[in-house]
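Q: I have the sequence and the model open. How should I read the helices and sheets in it?

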Amino acid sequence: MHDLAQRHPALRSRVDTAKGLPEQVVIDAWSAYSVGDLSALTGTDALQAEHREVDAASRTGINLAAEPALRVRLLRLGGARHLLIVCVHHMMSDMISMDIIGRDLTELYNARVEERAAQLPELELTYGEYAVAESALAEGSAEGRHAAVDHWASILDGAPTRLALPWDAAGSATSRGSSAVEGLTCARRTLTGLRENAGGYRTTLFAVLLAAFHCYLHRITGHDVTNVGTFAAVRHRSELENMVGLLFDEVPVVARLSPGTAFSQVVASVRAQLIDALQYAGDGVADAARRRVNLATPTEPPFNVTMQMYRRSPGRLAFNGLEAEQHRVFVGAKYDLMLYAAVSDTGLDLWFNYDAALFERETVRRLLQGLNHLLGQLAAGGDPLVDDLEVVPPAERARLLQAAHGPVTEYPSDTGIDALFRATAADHPTRTAVLWPSGPGATASMTYAELDTQVQSVAGRLAGSRVAPGGVVGVLAERDGRIASAYLGVLRTGAAVLLLDSDTPPEYVRAALTEAGATVVLADRAARERHALAGFPVVELEEALQAGADNTFRAADPGRDAPAFLVRTSGTTGPSKAVLLGHRGVVNQVYHRRVIFDVTPQSVIALSLSVAFSALPMQLLVPLLSGATLAVCDAPTASSPQALFEFADDARVTILEVTPSLLAGLPAHVPAPRALGILITAGEKLSRRLANDVLGRFPGVRLATTWGQSEAAGIMCCGFVTTGAETQEVSEGFPSANNRLYLLDERMRPVPFGVEGHAYFGGPSVALGHVGTAAASTAFSDDPWVPAERMVRTGDRAIRRPNGSVVMRGRLDSVVKVRGNRVDLGDVTAVLRAHPRVRDALAVVRPVGDEVELWAHVHADSDLRPADLHDALRSRLPEFMRPRLQFEPDPFPLTASGKLDVRRLPPIAPLLLGREQTPPLTPWEQRIAEQWERTLGVSVDGASDFFQLGGHSLKAMALCAAVAEVLGAPVSVKLVFERPVLRDFAAAIAPIDSRGTGANT
């Protein structure tokens, strides 16, 4: 080792920074070695001690300010075995240097043993001399440097700096944790075939492997442009071939792929870039990256995946009289994923050095197997299209398809909902079926026998209005016990229920009724007065309930595949649509929930979600088809976290379902309802932070999360949640009973575990189809793996974990979830653009913590005031679909092809922009404004519009609670919607100030 350090001065160099700049200092006598003795240990103890020594040596950094770049430790093991640990600082070596060190050390050892001079090639240049020469060359060629920067800028243009890898830890793409290594050896025939390919393409094996790696990354990340860093060795001069030192540059190699790209085209592109890298290697990459890509820090590399190829895999070293085997140890993880390749005696060795904070070992093992499978196809010859290459080995494909299936359970697939309810009512006539608040401190209720009588009365009255099997009845009613009678009464006629919320704008309700082809509207008096229902036959709910049971009416049997419910929902493309849910699909989901949530006749289940929500049939029917109790709260209670929990406590609710947004707004002092056993989140992604908070606050409550679609008659997957690390995404659980949830690529092939795919839902709970403007939807298709079954494209992105659970990752289209409501940004954009004074508009979302805010860029006539546009939106869109507005003074930027260039739109800036001057606030208005500012987090003035500044129903509840403390009297949430402008709101509440501090105070 002394001889080795003397031959290569870089190994006995340290770095002095006393003068402000790093300076190489070569030490005359190298002595950075130590000796240890483990010979007394045997068996497992000896093996563990060896691993500890290697681990300690690899993780103890070399401080070049105080010690040389080479550090050695020699350990005596049992018998005649020894372990030599050689550590070299990366500033003074590279992968070729490590091969040189192994070669030179072998010859130097043999020369000592044989008492002869070492026969090694003469070094014409030292590392220090080389560095000085290169520095002078770089400083003297400004023109060449500019050319290099321009070259790398063109390569990086449009290239991602972070490929979206199948990480196991969420949101940790910049982690640089401890590293780990996983490897495999490709078969010799694979190596032979790839070498033949390289010969045919007139390039190197490395270029073919790098091109293949690009293809693989394209398939597992979904990126059409892939960016992989590699290392361009600058040993192109003969005097550098035997030098130890850092003689390479990190350079990006970018592939641009499309559905028609052939593998030969990728190879040609990679080959050309590798050749250019020899000419342009140097510091230009960093400068180009700063010009073309948005990096977190100036020192951050412009890629997170790299590939290197060694000359050969580490093998035996030919020490005279010794049997010596060489192993490489990787230290740290500079990048998320680093692929290494080397030819060995048995084939082609591949191994990933990866960031263990981001990946689990099993995930990396599967990634290697997928890459090996792809290489095997390329080795077979031909010139396949990149998208034709398979990345899922056959064994994994079988496991993926099996994991797509939910549990197989029995349910009454041939029985309609009303027949099941009648049977339940007959079994439990005296049990409480429904309860609801009837006034301050009062509760009303109905037994199953009483509910069945009301259902019969409603059905008879509807039948008298020519409602028949196959018809559609829109239901508009307040949230109380009568709503169960209304829904079940419609179902008893054999007609389908169109779910409507009486609080939505009249124009929206009319559009839904027309689109669904409603034959009759069943409405209570309040809803009838609010909505313009001219042109639709109306049956008053109060009148139907007072008519008494019509014993002559016989319940209709609509058939298991007849429509039961219609849910109006935003479309994945084009206009909104109504989704038809069949009896069989709904019943299957009801029975699945009964099992997974342990529903018994003693259960009390709250009707807590919007009555127009796709989960409404489940909340209604799970208790009423189980002999349990349905607890119905009014709309203000359902939208207030604290009020809902207090209602659930009073009603002794055992199962409560809420959106994560509402749960996040629950004040910290509010306890869990006393009888609550299961808390379910639905409608939105449950964040890990919120899940951990809820589990910590309510240790006696089981937390479950679901993910559903209107087209899935409820939930696609469901699972219970446990506490986890902040970086671990919450899983939405497993496919629902008797159904299937496939994750497929664009060619309808299962994607690997951990890789994002398009979610397709199949099974008996698939919706019957769409009606209205989207009746001919292409979202539905035959299930290719289950004969005579259908499936639907959900528009969701998701991954499947190795245990089969599913993690939802968002949408593939313009549909987003806003506070649990499904919103198509295209629908919102269309309404904005329909305004006669709006020239262009685009609805977008802005992440805010664990939620998203709905915004819109608007380019309009200069005299259009934001308040006027908001007024127009109130008549067209429900509250949750109304965006905050950012007015843009200039026309929207366009691409070269004339399309909207979203990337060049100004960023959303949630500030008060361009507000016209308003009179100063009165003292009374200032007191109210302070509560607005605390609630909204922005400054306000008298003309501020609550909803324009990001307010919504949950924030309205928080505002009213805060204002109520100031007033000492309650404030209705309804007032925020009626008087959304601060000055109007303040004036409206001045009379109810119990302390006499009116508007003139």
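A: Helix α3 covers residues 95-113, has 19 residues and reaches 28 Å from its first C-alpha to its last, close to the 27 Å expected at 1.5 Å a residue. Helices (H or I, at least four residues) and strands (E, at least two) are DSSP runs, numbered from the N terminus. The expected span of a helix is 1.5 Å times one less than its number of residues. This is a predicted model, in which local features need pLDDT of at least 70 and side-chain atom pairs count only at pLDDT 80 or more, while totals for chains, interfaces and linings use all residues. Residues are numbered from 1 along each chain as its sequence is written, and side-chain values use heavy atoms, with hydrogens and water left out.

Q: Which backbone nitrogen does a side-chain oxygen of Asp94 reach at the start of α3?

A: A polar contact is a pair of N or O atoms within 3.5 Å; within protein, one must be able to donate a hydrogen and the other to accept it, and residues adjacent in sequence count only if both atoms are side-chain atoms. Here the Asp94 oxygen comes to within 3.2 Å of the backbone nitrogen of Ile96. Just after α3, Glu115 has a positive phi of about 55 degrees.

Q: How do α12 and α13 pack?

A: Axes are lines fitted to C-alpha atoms, for helices over the stretch in contact, and angles run from 0 to 180 degrees between N-to-C directions. For α12 (residues 417-427) and α13 (residues 448-464) the angle is about 145 degrees and the axes are 8 Å apart. A crossing is left-handed if the near helix is turned anticlockwise from the far one by less than a right angle, and right-handed if clockwise. α12 passes α13 in a left-handed crossing.

Q: Which residues of α12 and α13 meet?

A: Contact means heavy atoms within 4.5 Å. Phe421, Arg422, Thr424 and Ala425 in α12 meet Tyr448, Leu451, Asp452 and Val455 in α13. By class there are five nonpolar, one polar and two charged residues in this contact. Ala, Val, Leu, Ile, Met, Phe, Trp, Tyr, Cys and Pro count as nonpolar, Asp, Glu, Lys and Arg as charged, and the others, Gly among them, as polar.

Q: Is the crossing of α18 and α19 left-handed or right-handed?

A: Right-handed. The axes of α18 (residues 583-596) and α19 (residues 616-624) come within 9 Å and cross at roughly 65 degrees.

Q: In what order do the seven strands of the open sheet lie?

A: Two strands pair if DSSP finds at least two bridges between them. The order is β19-β18-β16-β17-β20-β21-β31, with mixed pairing. β19 (538-540) and β31 (769-771) are at the edges with a single partner strand each, so one side of each is left without a neighbour in the sheet. Inside this sheet, β16 (residues 472-476) and β18 (residues 520-523) pair in the parallel sense over four bridges, and the bridge partner of Val473 is Val520 in β18.

Q: What is the order of the three-stranded open sheet?

A: It runs β3-β4-β5, and the pairing is mixed. β3 and β4 (residues 70-76) pair in the parallel sense over five bridges, with Ser34 opposite Arg73 in β4. Helix α2 (residues 43-59) packs on this sheet and touches β4 and β5; its direction makes about 15 degrees with that of β5.
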